[in-house]
Amino acid sequence: MRNVNIKYRVAKSKSIQIIIVLLAFIVILPLLAIILYIFKEGATKINWTFLTKIPKPVGEAGGGIVNALLGSAIIVFVASIIAIPIGIFTGIYLSENKTSKLAYWSRLSVDILQGVPSIVIGIVVYFWLVKPFGTFSSLSGSAALAIMMLPILIRSTEETLKMIPFSLKEAGLALGLPYHKVILKVIVPCGVSGILSGVILSIARIAGETAPLLFTAFGNPYLSYNILKPMHSLPLLIFNYATSPYDDWHNLAWGAALILLTTVLLLNIITKLTTKRWNVQL
Amino acid sequence: MERPVIKSVNFNAFFGTNHVVKNVNIEIPKHNAIAVMGPSGCGKTTYLRCINRLHELTDGATSNGEMLLNGEEVYGMHPIFARLKIGMVFQRPNPFPNLSIYDNVIAGYKLNGLKLSKAEKDNIVEQSLTKAALWNEVKDSIHKKGTFLSGGQQQRLCIARAIAMEPEVLLLDEPTSALDPISTSSIEELFHDLKKNYTLIVVTHNMQQAARVSDKTAFFYMGELVEYDDTKTMFTNPKDTRTQNYITGRFS
């Protein structure tokens with residue numbers, strides 16, 4: 001046997017292990033820093049008035065962000081209604097048709113769409129929906145966000161359904177089920193956890209988008225429920241108020257940032273829980 | 001002689017240009033257990049999947065010739081109708097993992113949207129599970145997920161799911177090859193009861209199994225139906241030398 005230096009090997013292995021653990025830890029730091037900082041700045045700004053009143057004009061103290069809160073909720077909700085059916089059905093199509101031409105082009109488009117800058121999507125929707133109708137509207141903002149949701153929805157649905165074993169589809173067909181029922185009642189229910197987590201992640205992804213809303217939903221200093229009219233949202237409010245010169249508005253922006261961050265964190269946690277809760281043991 | 005349940009005349013099946021089932025002529029009598037045996041790649045599974053038209057689901061898979069179910073052309077009816085009449089059990093147990101044992105048994109009704117009263121459902125579930133020799137083992141956990149069962153129990157659950165639809169023919173594609181010997185023997189025993197009500201077509205590459213469970217045996221080799229006869233005759237006095245070589249273990 002050749003003379004090998006075991007001590008040297010063990011030390012080398014140990015040091016590499018330490019480096020890996022350290023690097024893994026460093027990844028957590030930026031997120032922790034952001035969360036702590038936003039909590040420090042934002043937590044004191046949130047109170048009942050903050051959550052239930054609309055902003056006051058410059059110079060008056062107090063005021064809240066209820067218009068942006070509700071606006072964000074409505075815009076994201078409408079975006080989900082538009083995007084979820086399209087995304088899930090496209091995902092089903094892609095998982096079922098691995099080799100067709102349409103699937104190839106559709107998959108390519110989804111990949112490219114994922115990389116299209118959000119501001120570009122905003123501009124396109126501006127020319128499609130805002131200019132022809134002559135007014136900024138929350139609906140056009142929802143449309144822009146819906147386009148941004150699609151790639152995540154489609155990909156997560158496709159990847160989830162691809163994992164469902166072919167034997168289950170055969171089992172369904174052999175029982176005399178029509179194809180669409182096999183898909184909707186066997187394949188989709190087995191992949192429900194993956195599809196749901198895709199839905200929630202895509203919502204979390206767009207909840208904080210600002211750029212596509214700048215020239216679609218536009219913003220609105222008052223409370224509005226009309227999706228055909230301009231509407232405020234949290235990211236827009238943060239963008240406008242944080243760049244303003246007034247301390248009161250800075251405070252509102254910090255509070256709004258905290259709420260947005262918490263929402264996104266919660267959505268991510270819910271995703272983890274749904275994956276566990278709805279997971280079907282294949 | 002009574003009219004055969006399944007009859008193939010000059011039946012061929014292809015994957016693209018690959019001719020995998022060659023000119024098969026066979027008549028399968030009612031309420032019998034037929035073993036289809038042969039070495040790997042001989043076309044036996046493909047032939048089986050042609051009977052309930054699962055073969056055509058594969059890209060590029062085609063077939064021609066006659067395939068008659070009670071004298072009616074299977075390829076002339078809607079595949080759903082054919083599959084309701086011809087149930088199938090697969091090589092690996094594949095219960096629906098999102099459904100309970102109970103719902104798995106009535107899956108053919110439930111997922112098809114066929115309405116049944118609670119009493120009818122209970123009755124079908126108990127009858128089917130009893131016929132599949134699983135009722136006593138699962139009656140207390142009937143609303144648990146089917147995937148918690150052992151492999152052999154899962155396979156019997158799949159048999160129950162198939163016979164719940166009251167098919168005329170039950171196709172079994174190497175139903176015990178993924179199971180341990182004890183589960184295998186319990187499923188083989190089951191065949192003796194099942195053939196009273198159904199016609200069983202069992203694909204197997206296990207000759208002992210073919211000899212144990214079947215009334216008639218079909219031997220496939222290189223896509224051809226080489227020999228089809230009473231199992232006893234086949235194993236004691238094969239007519240074709242290829243059959244003889246196979247059952248004496250000279251090739252496999």
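View 1. Buried takes 20 or more other C-beta atoms within 10 Å of a residue's own, exposed means 12 or fewer, and partly exposed is in between, with C-beta atoms placed from the backbone. Helices (H or I, at least four residues) and strands (E, at least two) are DSSP runs, numbered from the N terminus. One thing to keep in mind: this is a predicted model, where local features need pLDDT of at least 70 and side-chain atom pairs count only at pLDDT 80 or more, while totals for chains, interfaces and linings use all residues. Residues are numbered from 1 along each chain as its sequence is written, and chains are lettered from A and ligands numbered from 1 in the order in which they are written.

**View 2. The surroundings of Val36(B).** Leaving out residues up to four places away in sequence, Val36(B) touches Lys44(B), Tyr47(B), Leu48(B), Ile201(B), Val202(B), Val203(B), Ala218(B) and Phe220(B). A contact means that the two C-beta atoms, placed from the backbone, lie within 7 Å.

**View 3. Helix H8 of chain B and its buried face.** Ile187(B), Leu190(B), Phe191(B) and Leu194(B) are the buried ones to look for in H8(B). Seen down the helix axis, they fall within an arc of 110°, so they line one face; the arc is that of the directions from the axis to the C-beta atoms. These buried residues pack against strand S3 (33-37), H5, H7, strand S7 (169-173), strand S8 (199-204) and helix H9 (207-213) of chain B. Turned away from the buried side are the exposed residues Pro181(B), Ile182(B) and His192(B).

**View 4. Helix H5 (residues 118-131) of chain B.** Ile124(B), Val125(B), Ser128(B), Leu129(B) and Lys131(B) are the buried residues of H5(B). Their arc, seen down the axis, is within 160°, so they line one face of the helix. They pack against helix H3 (101-105), helix H6 (135-138), helix H7 (151-163) and helix H8 (181-194) of chain B. On the face turned away sit the exposed Lys118(B), Ala119(B) and Asn123(B). Just after the helix, check the backbone at Ala133(B), which takes a positive phi of about 55°.

**View 5. Where chain A meets chain B.** Here 19 residues of chain A are in contact with 20 residues of chain B. On the chain A side, helix H7 (166-174) and helix H8 (179-190) each supply at least two residues, and H7(A) gives the most, with seven. The chain A residues split into 12 nonpolar, four polar and three charged. Nonpolar covers Ala, Val, Leu, Ile, Met, Phe, Trp, Tyr, Cys and Pro; charged covers Asp, Glu, Lys and Arg; the others, Gly among them, are polar.

**View 6. The helices of chain A.** Chain A has 12 helices and zero strands. Its C-alpha trace spans about 80 × 65 × 30 Å along the principal axes. Buried residues make up 39% of its 282 residues.

Note on methods
Expected span 1.5 Å × (residues − 1).
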